[in-house]
Amino acid sequence: EDQGDSSDSVSIWQSIWLNATNITHTITYLTQHNFERAKESAEQLEQLYTSLHASAIHATGKSRLDQLMPFMLAHISECACPSTTLARIIPLIRSIIRRSAYLLLLIENPTALAQLVTLSDASPWIAKQLTECPSLLDELIDPRSLFQLPNKNDLLDELRRLMLRIDEDDLSEQMDTLRHFRSSHALRVAACEITGVLPLMQVSDYLTYIAEAILETSLQLCWQTMVKKHGYPDSNETINAPFIIVGYGKLGGIELSHGSDLDL
């Protein structure tokens with residue numbers, strides 16, 4: 001569609017959002033645009049609109065949401081099952097409304113918004129990950145990095161650089177960094193998997209590389225912390241810990257999936 005058609009479409013969706021309390025009208029329009037559960041979607045939009053505009057949310061957040069929603073709804077309407085995709089994305093909207101910088105990120109980065117809708121449409125797991133950790137939205141800004149996976153050595157180098165920026169006594173920040181590193185790279189793997197960039201066999205490989213990088217880094221952190229508190233065992237000073245982590249099960253077999261835990 002040309003830019004004029006696109007602008008007209010967004011303008012109509014803006015009207016739908018700003019009049020979300022008119023459920024009958026919304027149902028009619030959603031039905032015309034192939035929302036497979038139009039009544040349910042209309043009710044979800046009405047609840048979202050009413051709850052946000054009745055609560056004590058900062059005016060900036062409301063203004064940005066009013067700006068974002070028409071573009072988001074226009075994208076969602078182009079999905080195979082728009083009602084399903086909308087239902088997956090609404091929890092994310094609720095999670096970021098009080099942190100309106102994320103709303104601004106999606107407004108200012110149309111590519112990130114398009115990726116959010118596409119990936120949420122394809123994967124409920126990705127939608128859930130983004131809802132639980134909205135900072136992962138940053139990963140959607142640049143498709144070149146989103147769909148390009150580093151090898152294990154690159155993963156280790158990146159994680160080392162991240163950890164070097166943190167005070168060695170700040171355990172909480174170290175753990176948060178490890179969690180975010182894991183989540184951001186797992187999101188990349190999932191994005192590559194559902195878009196066909198990465199075959200299933202290589203998904204397991206990359207998830208295992210991520211786990212190994214985190215384990216190697218965690219081992220080194222634990223060793224440094226223990227030595228600092230208790231000194232070197234047998235007074236044998238060494239930079240590297242003189243013990244190993246043994247992975248078995250899916251980790252040992254390089255067969256990790258997105259929901260796997262680690263057998264050690």
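Predicted model: local features only at pLDDT ≥ 70, side-chain atom pairs only at ≥ 80, totals over all residues.
I take buried to mean under 20% relative accessible area, exposed over 50%, and partly exposed in between, with a 1.4 Å probe and protein chains only. I number residues from 1 along each chain as its sequence is written, and I use heavy atoms for side-chain values, leaving out hydrogens and water.

**Aromatic rings**

I looked for pairs of Phe, Tyr and Trp rings (the six-membered ring of Trp) with centres within 6.5 Å, calling planes under 30 degrees apart stacked, over 60 edge-to-face and the rest tilted. I found six aromatic pairs in the structure. In one of them, W13 and Y29, the ring centres are 4.9 Å apart and the planes stand at 80°, so I noted the pair as edge-to-face. Because W13 lies in helix 1 (residues 3–18) and Y29 in helix 2 (residues 23–32), this pair ties together parts that are 16 residues apart in sequence; helices here are DSSP runs of H or I with at least four residues, numbered from the N terminus. Both W13 and Y29 are buried.

I then turned to W223 and Y232, whose ring centres are 6.1 Å apart with planes at 65°, so this pair is edge-to-face. W223 is buried at 3% relative accessible area, whereas Y232, at 31%, is partly exposed.

How values were computed
Helix = DSSP H or I, 4+ residues; strand = E, 2+ residues; numbered from the N terminus.
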